[in-house]
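This briefing is for a reader who is new to the structure. Please look over the sequence and the model first, then read the notes by topic.

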Amino acid sequence: MNLTEGDVDMTEPQPPRLALPPRRKVLFRGIACTAGGAMLLAPLTSARAAKVGQAAVGYQSSPKGDQQCSNCAQFAAPNACNFVDGNISPSGWCQIWAKKS
Ligand code: SF4
């Protein structure tokens with residue numbers, strides 16, 4: 001027997017068909033998943049906004065070689081850092097220094 005696309009060969013065992021849920025259930029589940037995901041991520045985003053203490057990253061008010069806050073990607077002039085809390089000297093340094101591009 002020649003089968004064309006879309007034909008089902010009834011001589012072969014077929015896998016059971018899964019019943020698709022009604023469109024409203026799918027829509028509701030999608031919304032519930034989105035809301036649940038947002039609730040789970042909320043603490044992460046607020047935690048990410050919190051800065052770490054200077055001691056935690058070994059902050060010092062003097063440079064380390066040619067590495068200093070003023071040439072770090074995280075430095076926020078005139079005296080702040082996006083990751084480290086408190087007053088940050090442009091000539092300071094810490095362990096998470098990253099070269100400004
Ligand atoms: S070295 Fe960079 S990350 Fe560390 S305190 Fe200075 S600006 Fe912030």
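**Briefing**

Tyr 59 touches Gln 54, Val 84, Gly 92 and Cys 94, leaving aside residues up to four places away in sequence; two residues are in contact if their C-beta atoms, placed from the backbone, lie within 7 Å. This is a predicted model, in which local features need pLDDT of at least 70 and side-chain atom pairs count only at pLDDT 80 or more, while totals for chains, interfaces and linings use all residues. Residues are numbered from 1 along each chain as its sequence is written.

**Overall layout**

- The chain has one helix and two strands; helices (H or I, at least four residues) and strands (E, at least two) are DSSP runs, numbered from the N terminus.
- Read from the N terminus on, the elements follow the order α-β-β.
- Of the 101 residues of the chain, 11% count as buried. A residue is buried if 20 or more other C-beta atoms lie within 10 Å of its own, exposed if 12 or fewer, and partly exposed in between, with C-beta atoms placed from the backbone.
- Among contacts in the chain with a separation of 6 or more, 63% come from residues 24 or more positions apart.

**Core and ligand**

- The largest nonpolar core has ten residues: Tyr 59, Cys 69, Cys 72, Phe 75, Cys 81, Val 84, Ile 88, Trp 93, Cys 94 and Trp 97. A nonpolar core is a set of buried Ala, Val, Leu, Ile, Met, Phe, Trp, Tyr and Cys residues joined through C-beta atoms within 7 Å.
- There are 14 residues around the ligand, and Cys 69, Cys 72, Phe 75, Cys 81 and Cys 94 come nearest; a residue is near a molecule or strand if its C-beta atom, placed from the backbone, lies within 6 Å of it.
- The shell around the ligand holds twelve nonpolar residues, two polar ones and no charged ones. Here Ala, Val, Leu, Ile, Met, Phe, Trp, Tyr, Cys and Pro count as nonpolar, Asp, Glu, Lys and Arg as charged, and the others, Gly among them, as polar.

**Loop between helix 1 and strand 1**

- Ala 50 is placed in the loop between helix 1 and strand 1, and Ala 50 counts as exposed because it has 8 C-beta neighbours inside 10 Å.
- Ala 50 and Asp 85 are 35 residues apart along the chain, with their C-alpha atoms separated by 8.4 Å.
- Gln 68 is found in the loop between helix 1 and strand 1, and its 19 C-beta neighbours inside 10 Å are why Gln 68 counts as partly exposed.
- Gln 68 touches Pro 63, Pro 90, Ser 91, Gly 92 and Trp 93, not counting residues up to four places away in sequence. From Gln 68 to Pro 90, 22 residues apart in sequence, the C-alpha to C-alpha distance is 6.8 Å.
- Ala 73 lies in the loop between helix 1 (23-49) and strand 1, and Ala 73 counts as exposed because it has 12 C-beta neighbours inside 10 Å.
- Leaving out residues up to four places away in sequence, Ala 73 touches Ala 98, Lys 99, Lys 100 and Ser 101.

**Around the strands**

- Pro 78 is found in the loop between strand 1 (75-76) and strand 2 (80-81), and the peptide bond from Ala 77 to Pro 78 is cis, with omega near 10°.
- Asn 82 sits in the segment after strand 2, and Asn 82 touches Gln 74 and Ala 76, not counting residues up to four places away in sequence.
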